[in-house]
Amino acid sequence: MKSAVNASNNLRNSLNGTTSGMKNFGNQSSGVGGVITSLASKAAVAVGAFVGVRQAIDFGKDVVNTGREFEQGMANVSAISGATGAELTALSEKAKEMGAKTKFSAIEASEAMSYMGMAGWNSSQMIDGIAGIMNLAAASGEELAGVSDIVTDALTAFGLKASDSGEFADVLAVASSKSNTNVSLLGESFKNVAATAGAMGYSMKDTTTALGLMANAGVKGSDAGTSLRGVMTRLAKPTKEVDAAMSALGISAVNTDGSMKPLSVLIPELQTRFSTLTDLRMNRRIQSEIEHEQKGQYATMIAGKNALSGFLSIVNASPDDFYSLSDAINNSEGAALKMADTMNDTVSGKLTLLKSQFEGVKIAIFDALGSSQFKGVLQSMSDGLGAFTP
């Protein structure tokens, strides 16, 4: 090592840009090479140990990176929701728990909680609602954060509680498996119709059934939501055309007490009445008879031109299709968890679960070491650099 130090000093003092300076440095370096060769021969027996140490160092880096990412995720939750102290600790523990039990990691759970916080949920609501949301995301194969955004927004629009998220998750899981749509498309539909449906007293299950029928006819996503909202609005504040059509069909959209008739009742009535109509514009058996407005005309009068395709996709669906989908949605309890378990019961699913659990181990190690120690070291480095900059 003395040779190494001498060589370093010689490099500093003797290198003067001349050939002789470079030659002197080269002579000293040969001595260093001998020392290094000697050390290398002795170190060869420790190569295996070095590899183990290297792996340990890499794992240590991974622990720190994972721990700080989770810590930052929960800090985001705290900033958005206002949760601190015991509340934040409870949220952190719930995120870790879900990371150990589901295919999603604790870090992903913290991201989902951020969306819940944006929707105005408090810590208790997040803890109550996250399981259903994570089961739905696992069952649908979609991103957890996106599913969280869909569920929280829709629940708020329907006037439901965070504790209803499990039931809502089951409904969406069944709807996406029993009709030609998926959770993302249903989410786009809810953006346009959920608030109107909720305000008018239409249930979340009946609204989802209607959207499923529309999806089976190719009307999906935001188009379905816009179309269904248009129909609901016209039924709530009927024009003369709407009143005339509904009267001619012998149907009322409201109950005797003035409340909106449930879609589970109204849709079958509409399907029955429209099934008796033809696509003709007049009754041709007696030319002098007053024209009878038929299916297309009545549909236009009720739904308007913009919502016509969506309305027709509902009334043209067979009663069997309606009752099959409606029954499945109304008996969907536990569907999201069951579907998630099925999706995860594969080699790939088990590997994903193992990775999620292993992340939990790294977070636990990070917590055991104490993030305050890491923050202290980093703060000292930052202070030192700050003093050095001038």
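The chain has 19 helices and zero strands, where helices (H or I, at least four residues) and strands (E, at least two) are DSSP runs numbered from the N terminus. This is a predicted model, in which local features need pLDDT of at least 70, side-chain atom pairs count only at pLDDT 80 or more, and totals for chains, interfaces and linings use all residues. Residues are numbered from 1 along each chain as its sequence is written, and side-chain values use heavy atoms, with hydrogens and water left out.

Some totals. Of the 390 residues in the chain, 39% are buried, meaning under 20% relative accessible area with a 1.4 Å probe, protein chains only. Among contacts (heavy atoms within 4.5 Å) with a separation of 6 or more, 67% are between residues 24 or more positions apart.

Now helix H5, residues 106-118, and helix H7, residues 144-158. Their axes come within 8 Å and cross at roughly 25°; axes are lines fitted to C-alpha atoms, for helices over the stretch in contact, and angles run from 0 to 180 degrees between N-to-C directions. H5 and H7 are therefore roughly parallel to each other, the term for angles under 35 degrees. On the H5 side the contact is made by Glu108, Ala109, Ala112, Tyr115 and Met116, and on the H7 side by Leu144, Ala145, Ser148, Asp149 and Thr152. By class, that is six nonpolar, two polar and two charged residues. Here Ala, Val, Leu, Ile, Met, Phe, Trp, Tyr, Cys and Pro count as nonpolar, Asp, Glu, Lys and Arg as charged, and the others, Gly among them, as polar.

Also in H5 is Ser114. Ser114 is buried, at a relative accessible area of 10%. Apart from neighbours within four places in sequence, Ser114 contacts Gly73, Asn76, Val77 and Ile80.

Ile150, Val151, Ala154 and Leu155 of H7 meet Ser165, Phe168 and Leu172 of H8. This contact has six nonpolar, one polar and no charged residues.

Last, helix H14, residues 295-303. Its buried residues are Lys295, Tyr298, Ala299, Met301, Ile302 and Ala303. They pack against helices H11 (221-236), H12 (240-249), H13 (263-275) and H15 (308-315). After H14 comes Gly304, with a positive phi near 80°.

Definitions and conventions:
Parallel < 35°, antiparallel > 145°, perpendicular 65-115°, else oblique. Buried < 20%, exposed > 50% of the residue type's maximum accessible area, 1.4 Å probe, protein only.
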